Amino acid sequence: MVLTGARISSLGGFRRLVWTNGPSDEKAVSTVNIKLVGGAALGLATMLVLSSCGGGDAGTPAEGGSTGAAAGGEQVTLKMVAADYGDNPTADNAGTKFWKSVVDGFQAANPNIKVEVQVISWNDIDKQVATMVQNGQVPDILQTGDYSGFVKDGLLYKTDEVLSPEVSKDMLTKFADFGKVDGTAYGIPFVSSARALFYNKELFEKAKITEPPKTWDELKAAAEKLKAAGVSQPFGLPLGQEEAQAESFLWMLGNGGGYTDASGKWTINAPANVEAFQYVKGLVDAGLTTPNPGTKDRKTVWEDFAAGKVGMVNGGPMSIPIFDKGAVNGKYAVAPIAGKTGPLDTTLGVMDWIMAFNKNGHAAEIKKFFDYFYTGDATQKIVDNYKLLPVTNGGIEKLSGDEKLKPFLDALPNASFYPFKDPKWSEVNTAIKQTIGGAVKDDPAKVLGDLQKVAEGS
């Protein structure tokens with residue numbers, strides 16, 4: 001196959017999804033033995049998440065491909081469009097290289113099915129897929145940050161048409177449920193990310209702290225000891241515009257709160273959330289956090305932790321490469337996030353999606369590809385390359401021995417999510433990023449009340 005790709009970023013940055021937050025941009029094209037061609041995507045960013053993703057231009061279109069079934073020796077070509085999670089087009093973790101390794105293995109096992117993969121940067125994929133759809137040139141498979149916009153136009157296969165029952169049952173239930181529209185599943189979770197507490201073991205030892213905090217009282221006591229030991233930022237608190245919605249959500253979860261209740265009703269200014277921000281404001285007022293947290297982005301605070309300037313910070317698996325390149329390499333550990341009365345048994349969950357278009361009638365071949373992807377070694381490759389997490393119970397089990405990932409993996413099955421299906425979330429998310437820093441500077445109740453008005457506005 002031929003593979004052409006452009007640069008990207010990471011869900012892990014989950015800049016969406018979450019969960020997160022993501023990396024970068026840049027333009028390039030590369031060709032390999034598989035076929036990744038230039039393409040597009042519908043602009044329906046969510047989350048996750050993540051948090052997370054970058055930009056660039058796409059490559060040249062792929063040619064050929066049969067629309068028939070792979071029966072009687074006839075070759076079928078599946079065309080796939082995928083977001084690039086790599087650092088840049090020539091990096092070892094470039095999306096073209098990742099998908100080449102997956103497709104090479106699949107084609108060796110399924111010689112009658114050819115897969116042409118087009119890797120596009122996060123900055124460009126929504127736009128380009130939208131163009132493909134408008135021109136009636138939809139791919140067979142799309143991997144990106146959202147699926148719901150395609151459902152209303154009847155463009156997607158139902159999940160049970162392209163995913164075997166065994167793989168479906170292995171999916172993390174809470175993640176798979178978000179792939180449903182009106183009770184029917186169309187989106188298949190692709191990768192995920194989560195959050196946990198990172199702490200500097202060397203600074204903890206200096207401050208005579210013997211274990212990571214489990215409660216808010218313990219967190220404040222640890223921060224006070226770190227400050228007394230000369231640590232300039234006992235707790236790293238990024239409430240700037242990059243990902244303030246994530247940091248805020250974690251503190252809400254710590255007091256049993258959240259942006260909405262179980263019924264989906266907006267609860268931004270609920271007493272539990274107000275109390276959470278009153279607690280955080282107390283930390284800020286006592287000089288126990290990043291100075292002026294409303295102006296500090298996640299990237300800056302994570303870099304400070306990597307430099308050994310921060311005692312504790314909330315982060316994700318995508319933080320690990322940053323920290324390992326810094327002064328804290330080998331000197332930090334990961335623990336569950338402290339809550340008011342005990343460590344969180346949940347976490348911020350972020351995910352990206354993969355889906356199958358029904359126009360070309362390749363359900364059987366797509367099912368073979370999906371089953372190969374989810375039951376093979378792709379999960380380990382994703383973790384190794386991008387520090388993103390699996391979306392299956394089997395994938396979690398395979399990684400259970402990794403101590404750095406364990407707190408994230410333990411919390412994933414019970415993850416909590418942004419209310420990204422609510423049509424007001426995009427507006428609320430923007431407002432949170434712009435104003436939540438004021439909740440630890442001024443009156444938390446007023447700031448959260450104003451955000452509640454945004455959520456309830458028509």
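At what angle do helix 1 and helix 14 pack, and how far apart are their axes? Some notes to get you started.

1. Before the answer, some housekeeping: this is a predicted model, where local features need pLDDT of at least 70, side-chain atom pairs count only at pLDDT 80 or more, and totals for chains, interfaces and linings use all residues. Residues are numbered from 1 along each chain as its sequence is written, and side-chain values use heavy atoms, with hydrogens and water left out. Helices (H or I, at least four residues) and strands (E, at least two) are DSSP runs, numbered from the N terminus.

2. Now the answer: helix 1 (residues 95-109) and helix 14 (residues 378-386) pack at about 165°, with axes 11 Å apart. Axes are lines fitted to C-alpha atoms, for helices over the stretch in contact, and angles run from 0 to 180 degrees between N-to-C directions. That makes the pair roughly antiparallel (over 145 degrees; under 35 is roughly parallel, 65 to 115 roughly perpendicular and the rest oblique). G95, F98, S101 and V102 in helix 1 meet A378, K381, I382, N385 and Y386 in helix 14, where contact means heavy atoms within 4.5 Å.

3. Have a look at helix 18 (residues 444-456) next. Its 13 residues reach 18 Å from first C-alpha to last, close to the 18 Å expected at 1.5 Å a residue (1.5 Å times one less than the number of residues).

4. Which residues of helix 18 are buried? They are P444, V447, L448, G449, L451, Q452 and A455, buried being under 20% relative accessible area, exposed over 50% and partly exposed in between (1.4 Å probe, protein chains only). These pack against helix 9 (244-253), helix 10 (271-285) and helix 17 (425-435).

5. With helix 10, the axes come within 9 Å and cross at roughly 135°, so helix 10 and helix 18 are oblique to each other. On the helix 10 side, N273, V274, F277, Q278 and K281 meet P444, A445 and L448 of helix 18.

6. T267 sits in the loop between helix 9 and helix 10. T267 is buried, at 18% relative accessible area. Its contacts include N273 and Q452, not counting residues up to four places away in sequence.

7. Finally, helix 11 (residues 298-306) buries R298, V301, W302, D304, F305 and A306. Their cover includes strand 9 (196-200) and helix 12 (320-324). After helix 11 comes G308, with a positive phi near 85°.
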